[in-house]
Amino acid sequence: MKKSISILGLGWLGLPLALELQKSGYTVNGSTSSLDRLTSLAKYSFHNCRIRIEADTIIGDWESFIHETATLIINFPPKRIDTIETIHPLQIKQIIKHTPKTTKVIFVSSTSVYQNTNSLVNEAINCIPEKASGTALIEAEQLLQQHFGSNLTVLRLAGLIGPKRHPGRFLANKKQLKNPNVPVNLIHQKDVIRLIATIINKDCFGEIINGCADVHPKRKDFYENAAIKLNMPAPIFETSAKESYKIVDNSKSKLVLNFTYQFSNPEWIFTKDYLPEIAIVGCGPGNKNLLTLKAFHAIENADIILHDNLISDEILAINTQAEHIYVGRKYGDKEDQETRQNNINSLMKKHCELGNKVVRVKSGDPYIYGRAAEEVRFLKQHDLPFTVVPGISAALAAASSVNIPITERRQSNAILICTAHTADYSTAQLKGIAEMLNAGNTLALYMGLKSLDKIIPKLIEVCKNTNIPINAISNVSRENEVLLSSTLGEIENDIKKQELQMPVVFLIGVKPIN
């Protein structure tokens with residue numbers, strides 16, 4: 001079994017890193033300084049706790065946090081405060097004071113420790129930081145090196161990009177940008193996670209390593225490209241007589257770790273080949289235990305969740321960190337279905353192109369009255385990556401939940417799934433449905449609660465039998481599930497006596513097993 005890893009700081013980088021390391025077989029401990037975030041992290045299967053590093057103490061059970069830890073990953077940036085040059089090194093001293101020298105440590109630092117030289121900078125340069133945060137980090141590095149020695153690897157990261165740190169977000173809040181002709185130093189979140197995993201797997205300690213993409217586009221070109229790809233106004237750059245910069249050299253990471261950058265050109269974040277896959281996820285009838293593993297993982301790892309009121313609270317609670325966007329019909333909403341669907345399509349495209357993992361959750365199965373076809377055609381038309389995750393349709397879940405065999409030897413050899421919303425009550429469509437029921441097949445009727453007065457008479461007219469069994473199942477699979485069993489002749493009166501909450505699915509022609 002692989003060894004234990006403790007990650008100090010389950011933030012934008014730490015959480016996906018923890019999930020990836022756990023997937024690779026490591027035992028993971030994680031921490032956060034926030035009590036509110038600790039509550040939201042409780043759903044993950046790895047251990048997590050509250051650890052807050054202060055200048056004069058550690059709040060939380062540090063000894064338990066690092067107990068039997070083979071590798072400690074220190075991943076919390078200096079605070080943006082005036083006294084950061086003093087405070088951050090003191091925080092690092094607290095970690096040193098309570099951590100054995102034999103612990104292997106990866107310290108997530110920054111290329112802000114390097115000064116602008118208007119040339120290439122590598123790990124061998126004598127660092128003279130130009131900002132307070134860089135000064136704090138270089139002192140932190142030196143303190144850690146003195147204590148952990150060859151058990152420490154410092155990973156100096158360039159500017160971070162990826163989900164929720166897309167260049168489009170940066171542009172949205174800027175009216176003017178400076179230094180148009182300087183090269184940018186950036187690294188994608190995926191490459192950072194792979195770098196850290198490679199350091200651990202190769203047992204590469206006692207090093208200082210830069211993490212940065214191979215290509216360094218000019219700032220003006222990079223952000224103008226971002227604006228074009230995202231249909232945003234082109235940024236305005238201030239011209240300056242003198243521009244200072246640095247180009248971060250990543251050659252050591254490639255040589256020592258035999259590492260290849262997935263996003264070797266940071267501009268690939270704008271291209272369709274590197275966009276995150278949109279997931280159209282079938283959530284079944286509402287009980288989260290009926291989700292497929294693929295559906296659960298898609299929801300758990302989402303950045304954006306598009307949902308309507310058919311999705312249960314317990315499924316939405318799987319991921320409270322994602323942005324939840326309601327796209328269903330609201331009370332008094334005069335918007336037609338086509339406009340609503342166009343809005344959903346636009347949201348999927350927009351957030352995907354911003355680098356976010358988009359999950360469009362649907363009740364039941366996406367291709368059974370879930371309108372997934374409209375969304376898939378849109379995504380294909382715009383050449384956006386996607387996957388459709390199947391879900392348990394309400395009729396199938398209801399049959400299992402209340403023990404109704406919808407197909408059975410010598411009883412029914414077929415089931416017809418139909419919806420009352422699209423049935424034409426005066427033509428051959430509904431007559432054909434009734435004839436299939438009359439022939440001994442099972443009928444599953446969706447969204448029929450408010451249309452029974454049109455459907456039931458037609459079924460009776462064709463079948464000429466008021467005693468055919470019909471079952472109405474409300475809130476399938478949920479705690480407030482209700483089964484009402486009746487006959488074609490009595491179902492309308494029985495529903496008046498026992499009000500049913502929507503959604504309701506009807507199973508007709510079969511009886512529950514008593």
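Figure 1. At 3% relative accessibility, Arg156 counts as buried, in a model that is predicted. The structure holds 14 salt bridges.

**Figure 2. The open sheet of seven strands.** The strands follow the order S3-S2-S1-S6-S7-S9-S13 and pair in parallel. Strand S3 (47-50) and strand S13 (208-211) form the edges, each pairing on one side only. On average, neighbouring strands of this sheet are turned by 20° against each other, direction ignored.

Figure 3. Six bridges join strand S7 (residues 104-110) to strand S9 (residues 152-157) in the parallel sense. Within this pairing, Ile106 has Thr153 of S9 as its bridge partner. Helix H7 (residues 189-201) packs on the sheet, where it touches strand S1 (4-8), S6, S7, S9 and S13. The direction of H7 makes about 165° with that of S9. Helix H5 (residues 132-148) lies across strand S6 (69-74), S7, S9 and S13, and runs at about 165° to S7.

**Figure 4. Glu375 and its salt-bridge partners Arg360 and Lys362****.** Glu375 forms a salt bridge with Arg360, in which the closest N and O atoms are 3.2 Å apart. Glu375 lies in helix H13 (residues 372-381) and Arg360 in strand S19 (residues 358-362), so that this pair links parts of the chain 15 residues apart. The side chain of Lys362 also meets that of Glu375 in a salt bridge, at 3.2 Å from N to O. Lys362, in strand S19, is 13 residues from Glu375 in helix H13. Glu375 is buried, with a relative accessible area of 0%. Lys362 is buried at 3%, and Arg360 is buried as well.

**Figure 5. The buried alanines of helix H14****.** In helix H14 (residues 394-401), the buried residues are Ala394, Ala395, Ala397, Ala398 and Ala399. The buried residues of this helix pack against strand S22 (442-446), strand S23 (469-474) and strand S25 (504-508). Just after H14, Asn403 adopts a positive phi of about 60°.

**Figure 6. A salt-bridge network****.** Lys272, Lys349 and Glu353 are linked in a network of salt bridges.

Methods: Residues numbered from 1 in each chain as written. Predicted model: local features only at pLDDT ≥ 70, side-chain atom pairs only at ≥ 80, totals over all residues. Heavy atoms only, no water. Pairing = 2+ DSSP bridges. Helix = DSSP H or I, 4+ residues; strand = E, 2+ residues; numbered from the N terminus. Axes fitted to C-alpha atoms, helices over the stretch in contact; angles between N-to-C directions. Contact = heavy atoms within 4.5 Å. Buried < 20%, exposed > 50% of the residue type's maximum accessible area, 1.4 Å probe, protein only. Salt bridge = Lys/Arg side-chain N within 4 Å of Asp/Glu carboxyl O.
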